[in-house]
Structures are given as structure tokens and as C-alpha cells.
Amino acid sequence: MERGMECMRSWIDTGSVESRRYYESRRTALEMLSDRGYDVVQHSNLTPSLAEFRSRFGQLPNPQSLAFCVSHLSNPSNMVRISYLFAHVQVVFADTHAIKKETVADIYNQIVDRENLKGLVLIVQSQMTSSARKYLQSCPFPVEIIRIDDMLVNISKHVLQPKYEVLTDDEKKALLMKYNIEEKQLPLMLKSDPIARYYKLEKGQVIKITHSGGVVDSHVSYRCVV
């Protein structure tokens, strides 16, 4: 009985909820950027486990310390920055406070190499005011706003999810020629679809979906983003 209780205690996380949420969301962010073709090896090595993440960032991590930049493997000049943004950075998970224009302006002004930046991903906990969103629209690079709750689990890695592959322009052209069809004849995927957002797919891009297991060994389909 005591051995059973000891085994159960070994599975109980005695650390803070905040540090686990930060760890899981940061891990998903790294996986997401890797799937988009960015070089995340350096940052992945910094936090290989929850225990080491807590050792590095503490039980109540400062969101500003979690920010990082990555470059695209095929184009190193294509740099994207990940930042955690809350209504008040000193208050962890301030759900009741809206993120205001002044807050996002401070984050933008803190980016030293913003002239070389090609994109910014903001992981937020709170709602953002319309003036803050309007300010971000004026940035010289695209800004993605993702709620931290949507980053706690990587939806593309779920055991029931099929395999996704984003086609290149040449692969898309070859696909249309192979089946003698036009782009509009392909099954559709909305740009707002969680998978389309995960890969940051643009209108006109095609994604290959491979289903395995079940009744058939493998089944391939394609979706065009609209």
C-alpha cells in the first residue's frame, strides 16, 4: 500500500501551475515554428524538460524572459519573434485586465532588431482592446495573437490527428496537373481552421493530409485554404 502511495506521489506535480502553463505553451510554440520551417534547435535545448525549465525560469517566470527569436531554415533573414504579453507583466495570468495600446507599444519598442523582423507572435492571457489591435496592424511586419490556452496542447501532435504536409508551389502545380483540375475544385479549408492557423497557411496554399490506421492502411486527401 505504501509503495502504491509513493508511486502515486511521484506522478503528482508539486510545482506551480503558472510555470507548467508557460512551459507547455513555450514547447508548443517551438514545435509550431519548427513545423513552419524555422530553426528552433538552440531554444529547444534550453528547455528540454519541465524540471529544467523551472530551474532556469523559476516557479513564477517573468514573461519577458521567455521571449526569443528564430530564423527560417531556407532564409535566415526571415526572423520571427515570440513574446508573452499580459495586461501587467508583473502579474501572472491577469485574466480580468484588458491589454491596452500602451502595453503593446512598450513591447514593440523593446524589440531591438525590429528592422530585421519579419513577424511577431504574441502569446496572450487577457483580452486585447481594439486600440491595441489597431496599433499592431500598423507594425511593419505581421503580428499573430494567440491565447495561451490554445498553446497548452499541440493539436497537430494528437494521436488521432492525421499527418499534415504543406505543399510547395511546385508540388501544388504538379498536383493540379496530375488530376487535371483547377484550384477551386479542391476540397477547402478555412484560413481560420486551427490547423491552418498552426501552420500559418495563406489563401491558395494546399495542405496534404494523410490518414493512417482504421479500416484502410492509408488515405491521402488535399485541402486548399480559402
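This is a predicted model: local features need pLDDT of at least 70, side-chain atom pairs count only at pLDDT 80 or more; totals for chains, interfaces and linings use all residues.
Trainee: Why is L188 called exposed?
Mentor: The relative accessibility of L188 is 52%, and exposed means over 50%, so L188 counts as exposed. L188 lies in strand β7, residues 188-189.

Trainee: What makes L188, L190 and V226 a nonpolar patch?
Mentor: Patch residues need over 30% relative accessible area and no salt bridge, and nonpolar side chains are joined within 5 Å. L188, L190 and V226 form such a patch on the surface, with about 270 Å² of accessible area together.

Trainee: Why is S221 called buried?
Mentor: S221 has a relative accessible area of 11%, and buried means under 20%, so S221 is buried. S221 is found in strand β9, residues 218-225. Leaving aside neighbours within four places in sequence, S221 is in contact with I207, K208, I209 and H211.

Trainee: Which residues have the most contacts inside the largest nonpolar core?
Mentor: They are L33, I123 and I207, in a core of 33 residues. Elements that each supply at least two residues of this core include β4 (117-124) and β8 (206-212). Helix α2 gives the most, with six residues.

Trainee: How do you know where this core lies relative to domain 1 and domain 2?
Mentor: Domain 1 (11-151) and domain 2 (163-225) both give residues to this core, so the core lies between them.

Trainee: What does I207 touch, leaving aside its neighbours within four places in sequence?
Mentor: Among the contacts of I207 are Y164, V166, M189, I195, Y199 and S221.

Methods. Residues are numbered from 1 along each chain as its sequence is written. Side-chain values use heavy atoms; hydrogens and water are left out. Patches are made of residues with over 30% relative accessible area and no salt bridge: like charges are joined within 9 Å, nonpolar side chains (Val, Leu, Ile, Met, Phe, Trp, Tyr) within 5 Å. Accessible areas come from the Shrake-Rupley method with a 1.4 Å probe; for residues, only the protein chains shown count as cover. A salt bridge is a side-chain nitrogen of Lys or Arg within 4 Å of a carboxyl oxygen of Asp or Glu. Helices (H or I, at least four residues) and strands (E, at least two) are DSSP runs, numbered from the N terminus. Buried means under 20% relative accessible area, exposed over 50%, partly exposed in between (1.4 Å probe, protein chains only). A nonpolar core is a set of buried Ala, Val, Leu, Ile, Met, Phe, Trp, Tyr and Cys residues joined through side-chain atoms within 4.5 Å. Domain bounds come from an automatic or database domain assignment. Contact means heavy atoms within 4.5 Å.
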